[in-house]
Amino acid sequence: MNALYQRIVRLIETQGPLSIAQFMTLALHDPKAGYYATRQPFGARGDFITAPEISQIFGELLGLWLAQCWQDQDSPPHFHLVELGPGRGTLMRDVLRAGRTVPGFCEAAEIVLVEASPGLTAIQRETLKDSGVSARWLTHLDESLESAPLYLLANEFFDALPVRQYVMSKDGWRERMVTEKNGTLDFALAAHPLKGLAVPEARGAAEPGAVFETSPAATAIAEEIAQTIAAKGGAALIADYGHMGNGFGETLQAVKGHDYTKVLEAPGEADISSHVDFAALAEAVKRARAFALGPADQGAFLDALGINIRAQLLSKANPKDAHVIASAVHRLTAPDQMGTLFKAMAILPESVPKPAGF
């Protein structure tokens, strides 16, 4: 039982049960003991490996995808090139390497990285120090990004945003809360059913025991991104694991040391995430009068962008690494690896050319 666990127990004893969203925020972002504030989660020594860490090809292809979208919209002379949750900065480094092959793209870009963790920000600065471009950091999206076209990447960002869960009881929807019993954290339903819960009835009838999972933070951010793109132009690509379901079902999970662990067991010591509801994101994009494409399975998307051709060229230039390159491509694209669970969704202005992969 770590210090953050004990602090959460005391908070519940004082203020009452927490929503799952509140618990996730504390567990992931507490400035003293939160997961992202105290750990380097990425890589073999961390808790999970993201696509940019598997192969440089991933970031290169996404960079060229953005550059093509930029050209399709008449190559605006100034735009914001933004990444949400940039990890160690690997993706942006690879995006810029590929972007330099497209005349004018990097010169027109103002690089902005949105990162809440001071520790990860320091790592990103180190990764990008020799990139040849200047960058600025924000802790969240703000109005400074609304003044120019927005070209944005979010790889495994939305899955870490807080979710709320509701369970259909015999007398209506009750929120699933985090409570404490004799000093131990546990899940429990709220004492009273909620009235007017915004669960779209069109998504299906709810049987007793059904769980509805939603992320107001995710849909709000998607809508904010889409509003800027609709008004100023640009393109966003969201790459994450998720589904196009109806919102029913629970997907909350915790990962520690590349293996699953209990969500409530050690707050601050494990990554907590959920599967992205791409249908909800698409609805948010539509509300903002922008256009959502996909989601496409990651394997099919990367194949359409030419991942196998790029792998062949890299292998020819580095024969001794051919097996490693092939293994990385398999991991990114195979159905039994990341190829179908992980998906890509694009956000674009209405009436622009359809980009590759969709």
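Leaving out its neighbours within four places in sequence, Asp 94 is in contact (heavy atoms within 4.5 Å) with Pro 52, Gln 56, Gly 59 and Glu 60. The model is predicted: local features need pLDDT of at least 70, side-chain atom pairs count only at pLDDT 80 or more, and totals for chains, interfaces and linings use all residues. Residues are numbered from 1 along each chain as its sequence is written, and side-chain values use heavy atoms, with hydrogens and water left out.

Asp 94 belongs to helix α6 (residues 90-99); helices (H or I, at least four residues) and strands (E, at least two) are DSSP runs, numbered from the N terminus. With a relative accessible area of 1%, Asp 94 is buried. Buried means under 20% relative accessible area, exposed over 50%, and partly exposed in between, with a 1.4 Å probe and protein chains only.

Helix α13 (residues 322-333) has 12 residues and spans 17 Å from its first C-alpha to its last, close to the expected 16 Å; the expected span is 1.5 Å times one less than the number of residues. Its buried residues include Ile 325, Ala 328, Val 329 and Leu 332. These cover an arc of only 100 degrees around the axis, so they lie on the same side of α13. The arc is that of the directions from the helix axis to the C-beta atoms. The buried residues of α13 pack against α4 (51-54), α5 (56-72), α11 (298-304) and α12 (307-317).

Helices α9 (residues 216-232) and α10 (residues 278-287) pack at an angle of about 40 degrees, their axes 8 Å apart. Axes are lines fitted to C-alpha atoms, for helices over the stretch in contact, and angles run from 0 to 180 degrees between N-to-C directions. The angle makes α9 oblique to α10; under 35 degrees counts as roughly parallel, over 145 as roughly antiparallel, 65 to 115 as roughly perpendicular and the rest as oblique. On the α9 side the contact is made by Ala 218, Thr 219, Ala 222, Glu 223 and Ala 226, and on the α10 side by Ala 280, Leu 281, Ala 284, Val 285 and Arg 287.

Most residues other than glycine have a negative phi, and most peptide bonds are trans.

A cis peptide bond, with omega about 10 degrees, joins Gly 294 and Pro 295. Pro 295 lies in strand β15 (residues 291-297).
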